[in-house]
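Please look through the model shown here before reading my comments.

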Amino acid sequence: MPLELFLEDDEAITLPEITVGDSFVNVVKALSTYFVDAITMPATFEQLRTTSAGNKIRSLVDHLVANVTSPAIINALLTLKWHFSSLETDDRGLNETRANACEIVAWRFLGRLTPRDAMYYCLYELEAPNADRNSVDTRNNDSHPTEESSFLPQFRPESRGQSSLRSRPMSKRIDLIRSVSRFGDIFGSDTEIEEEEEDPTSSFTGLNGLEIAAVADCKKFLSQRVVQKIITGIWTGDITFWESLSEHTKKKAQFYNSRASDPFTRLRVPRYIKAFEVFFFASFLFLYYAVLIERNPFHITPLEIVLYVWFAAFAYDELGEFIDAGSIFYAIDIWNSCDLIIILIGVAFLITRVMGLVEDDGRIVDISFDILSLEALFMVPRICSLLSLHPYFGTLIPCLKQMAKDFVKFMVVVAILYIGFLTTFSLLARDTLTLTEMSWILVKVFFGSSYLGFEIMDKISPILGPPLMLAFICLTNILLITSMISILSSSFSRVISHAREEYLFVYSVYVLEASTSNRLTHFYPPLNLIPLIFIRPLRLFISSEKIRVSRIFLLKVTHLPIVVAIYLFETFQEKWTKAGPSEFSFMGPYARLSSTNNMKQKKVPTFLGEPFL
């Protein structure tokens, strides 16, 4: 079938011809050629979306919907977004325009599909390039499975010329940056890539479309309604990646079927992970207060031992999250910073506590409990982190982060001026005031106690003291404070317009972190210490198959009460809604439930909990 042509100014632009059998690199190359030829004038994101500047990408969307069935089309579009965004900024802004066009085409293409097809396109994982699918499947089935091969492929060693089929997206950021320089070569060449290591798209192997979107910072794409429905479906467990807990289970995105799926797979649903996290922190906080109230200076009490167990389980769980998510993915969540500080304070408390008991030094013991008291600064907000999943509170977090950055930058100017005045005042008042006294006086003056400056200006110097102090008060209380408020206000106004995208991006990353891990068995803390103590040492003596079977059995034994609670909750929820779970119905953390009557009137799949949409 001949391809359509888009005509403008007597110039014909051929639409890309993409077939199901095309490799990923060929799909990327075909789309890149079209974007380079079609977009020759700079335009903003809104202009591409609403004006005639986006006519060519509308034509591309129509063509893709009508003629293209390649499962990697979303992956290719978002990979190109990464490519164009990573190129050096040109004076005309063409690279940014092409990157925006890739995002627009991606979400418009999804918007023209059924919800089921949109889910499959977004969660399609790229296979190893230049490898026949059947040969890969045969090799995987015939080879002897290991602990990493089925469930932890990110640790699979490279062999037989095949790279790892799976690794966490954000840990690949360096490889992706290196691959940018090689994109131009393949786009400008008509020859096929013969060796995998020469293929820059191999860095994306094993990632699905949503993970590539997170890597490429496609915040506008992730904030679109059609994408958020999929992410919220993952959050609620309507979309799952594991059908059962068994030795030969393969990871695959699918709709949850309560009759066919293993109930223990519900342990991987992000909203249940978050709910149990709240219960864990509540018990953590209870133990924390109990130990501080008991405050035994002579020996370690049973409550304190339990608190140490909770600290160990929490630290081990954080280590697992860091390994699964990767450093950049892990750093996106602001609450992970609180987790690290909680762990560091706990370690400092344990060290000083042991030192005080061993040396029988009451002062060190008191210091240890003083250190432990600092935990409340981070543990109390951490237990309330669930509020960040609500759109109101979640929207404020990106604003506060940006305002904090601007505040730190502005304080550099304040510190420079403060040191200058402090040096001058300290030298002038060297016979009457010490450096420490002068430092605290100037701090108090800066925060509004101007009368203190007027009271001591004669003591500083009868001649130079009054004019210098007047200048310092005017500079700090009028100029600097006013400027700082104006800067923070401007920063808040600037970020709040994009806060929705930032919030949904952080939320999307959290859902992907919690759901797309390749570990089949996920133990909740403090139960995660059981396999660490009793099973992990056996890896030196027992085969990986037996280890895997043992972990699955131990998970089912230890987490049975949690699974029962989840089953009762879902049963109650199904009866409460009086409609039962639809094939593709979502309720996110910010969902506002529709009334029962409205749900009964729906004859098409109902989408609930659409944030801000």
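This is a predicted model: local features need pLDDT of at least 70, side-chain atom pairs count only at pLDDT 80 or more; totals for chains, interfaces and linings use all residues.

1. Residues are numbered from 1 along each chain as its sequence is written, and side-chain values use heavy atoms, with hydrogens and water left out.

2. A pair of aromatic rings is described by the distance of the centres and the angle of the planes. Here, rings of Phe, Tyr and Trp (its six-membered ring) pair if their centres lie within 6.5 Å; planes under 30 degrees apart are stacked, those over 60 are edge-to-face, and the rest are tilted. The count by this rule is 21 aromatic pairs. One of them, F109 with Y121, is edge-to-face, at 5.3 Å between centres and 85° between planes. F109 belongs to helix α5 (residues 94–111) and Y121 to helix α6 (residues 115–122), so this pair ties together parts twelve residues apart in sequence. Helices are DSSP runs of H or I with at least four residues, numbered from the N terminus.

3. Are F109 and Y121 buried or exposed? Buried means under 20% relative accessible area, exposed over 50%, and partly exposed in between (1.4 Å probe, protein chains only). F109 is buried at 1%, and Y121 is buried at 12%.

4. A nonpolar core is a set of buried Ala, Val, Leu, Ile, Met, Phe, Trp, Tyr and Cys residues joined through side-chain atoms within 4.5 Å. The largest such core has 94 residues, and I73 is among those with the most contacts inside it. Leaving out residues up to four places away in sequence, I73 touches residues including L31, F109 and Y121; contact means heavy atoms within 4.5 Å. A second, separate core has 22 residues, including F284 and Y308.

5. F284 also belongs to an aromatic cluster with F280, F281, W310, F311 and F314.

6. R382 lies in helix α18 (residues 376–383) and is buried, with a relative accessible area of 4%. Its side chain makes a polar contact of 3.1 Å with the side chain of E277. A polar contact is a pair of N or O atoms within 3.5 Å; within protein, one must be able to donate a hydrogen and the other to accept it, and residues adjacent in sequence count only if both atoms are side-chain atoms. R382 is also in contact with F281, among others.

7. D117 lies in helix α6 and is partly exposed, at 34% relative accessibility.

Conventions
Helices (H or I, at least four residues) and strands (E, at least two) are DSSP runs, numbered from the N terminus.
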